[in-house]
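Hi,

Here is the structure I promised to pass on. Please open it beside this message, and then read my notes below.

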Amino acid sequence: MQNFIFHNPTKIIFGRGTVPQIGPETAALGCRRALLIYGRENVKKSGLHGQVTAALAQAGVAVIEHGGVSSNPLLSHVREGIAKARAQQADVIVAVGGGSVIDTAKAVAAGVPADGDVWDFFTYKQEVKAALPITAVLTLAATGSEMNAGTVITNEATQEKFACTHRLLYPKTSILDPELTFTVPPDYTAYGAADAIAHVLEFYMTTTDEDAPVQMDFMEGLIRNAMRSCERCLADPRDYGGRAALMWTATLALNGLTGAGLGRTAFPMHMIEHSLSALYNVPHGAGLAVVVPAWLRWRLPQSEARIARLGQEIFGLAADAEQTVLRLRGWLSSVGCPVTLAELKIPEADIPRIAANAHALARIWRLDNYSQADIEAVLRLCR
Ligand code: NZQ
Ligand code: ZN
């Protein structure tokens with residue numbers, strides 16, 4: 001177990017009937033003009049938009065609308081949000097939606113007070129120095145963005161999907177009502193579980209610390225819960241307990257707790273997946289379901305014992321790393337995730353192009369031990 005500092009400042013309000021608290025929570029920050037960010041359809045169709053605007057109005061917070069966030073959110077839409085927030089002097093960003101919406105909110109929050117271009121934060125040319133406060137209502141269990149400091153945005157002009165992480169970007173308050181996720185369709189429910197599992201596995205597989213028993217048990221527990229709760233939600237989309245377990249699992253999977261004490265870790269599976277999303281606009285969790293088993297297979301010679309432990313703890317296998325990878329892949333497929341590039345309709349002939357795109361991110365993320373050939377090798381196992 002390595003030294004660590006754990007400091008997560010996001011206040012979580014969890015449970016049924018909690019949405020109206022977005023009003024007082026936002027007003028309590030001293031804010032009076034919110035840029036309200038949301039997606040394409042769900043928030044209006046479900047009536048959540050009306051609930052949130054009513055709660056904000058009652059708390060004395062005026063609303064400036066910025067809907068239309070797409071899945072794999074775009075830099076151009078972030079820039080529009082920044083311009084709107086500046087022109088109308090928004091003093092807070094309220095996000096209502098999934099990871100794409102919350103990530104857009106974070107990028108806008110950082111971009112409004114910035115001198116330079118917001119994309120510079122994603123290429124590490126500039127560091128975030130100030131940000132508007134953010135509050136959020138989560139509608140999809142997946143990314144953990146509701147309780148972390150990361151944002152992932154696609155620059156559609158350069159086809160780069162990059163991330164920015166800064167402590168100023170933690171939401172001040174996030175409201176997590178599992179009932180809001182009853183309407184998440186089966187495919188996105190499974191992609192969310194796949195994303196949460198991938199977040200845990202990045203830490204689990206890349207730590208070199210061999211004596212971190214609390215973290216290992218915690219991470220295995222999260223993977224088990226992601227799988228079980230996903231199965232419950234697919235069997236009954238209105239199973240409150242299942243939705244609640246999936247939501248909290250996804251939040252805990254990427255809020256800093258899993259990595260505490262693990263020393264240096266890395267996100268190689270995400271590095272590769274981001275190129276699938278950037279180039280083909282595939283849903284993040286679907287891309288991960290393809291990359292994760294392939295990466296594990298590629299990694300097997302170096303990490304046989306770790307993968308075998310995973311198989312023992314999750315599937316009850318007796319020291320069988322190869323079988324572990326097959327079982328995980330089989331489970332992902334059984335819940336409706338794609339597990340091959342072909343299922344994503346990505347031709348194998350494109351592998352060098354994808355690897356070149358991912359390698360650019362590998363350099364930014366200092367994954368120096370990944371050559372373009374390594375990335376190609378992983379992609380060739382995505383079949
Ligand atoms: O556009 P709307 O109508 O809102 O529809 C969305 C969208 O089509 C829909 N949806 C959301 N809540 C719903 C719902 N449909 C029915 N009922 C509901 N309650 O679901 C679709 C996907 O939404 P999106 O926000 O894109 O999904 P997700 O939460 O998986 O976010 C994915 C984005 O987050 C990034 C990914 O790369 C991707 O761009 N990530 C962010 C991270 C972070 N900030 O920490 C880490 C992750 O690794 C990830 O990279
Ligand atoms: Zn992810």
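**Where the ligand sits**

Ligand 1 lies between domain 1 (11-180) and domain 2 (186-380), because both domains give residues to the shell around ligand 1. Please keep in mind that this is a predicted model.

The shell first. Ligand 1 is surrounded by 32 residues. Glu41, Ser71, Ser100, Lys161 and His199 are the closest. Sorted by class, the shell holds 17 polar, 10 nonpolar and five charged residues. Several elements each supply at least two residues of this shell: the helices α5 (99-111), α6 (186-206) and α9 (268-280), and the strand β6 (150-155).

In the side chain of Ser71, an N or O atom is 2.6 Å from an oxygen atom of ligand 1. The side chain of Ser145 has an N or O atom 3.3 Å from a nitrogen atom of ligand 1. Val184 uses its backbone instead: an N or O atom there lies 3.5 Å from a nitrogen atom of ligand 1. How much of the ligand does the protein cover? On its own, ligand 1 has 960 Å² of accessible area, and the protein covers 89% of that.

**The second largest pocket**

There is also a pocket to look at. The second largest pocket has a volume of about 190 Å³. Which residues line the second largest pocket? Thr206, Thr208, Arg264, Thr265, Ala266 and Pro268 are among them. The lining also includes Arg299, Arg366, Leu367, Asn369 and Tyr370. By class, the lining of this pocket has four nonpolar, four polar and three charged residues.

Best wishes

Methods
Residues numbered from 1 in each chain as written. Chains lettered and ligands numbered in written order. Predicted model: local features only at pLDDT ≥ 70, side-chain atom pairs only at ≥ 80, totals over all residues. Heavy atoms only, no water. Near = heavy atom within 4 Å. Polar contact = N/O pair within 3.5 Å; in protein donor to acceptor, adjacent residues only side chain to side chain. Areas by Shrake-Rupley, 256 points an atom, 1.4 Å probe, with all protein chains shown as cover. Helix = DSSP H or I, 4+ residues; strand = E, 2+ residues; numbered from the N terminus. Nonpolar A, V, L, I, M, F, W, Y, C, P; charged D, E, K, R; others polar. Domains from an automatic or database assignment. 1 Å grid on protein atoms, 1.4 Å probe; cavity = no way out; pocket = protein on both sides within 12 Å on 5 of 7 lines; lining within 4 Å. Points joined across faces, edges and corners; volume = space filled by probe spheres on them.
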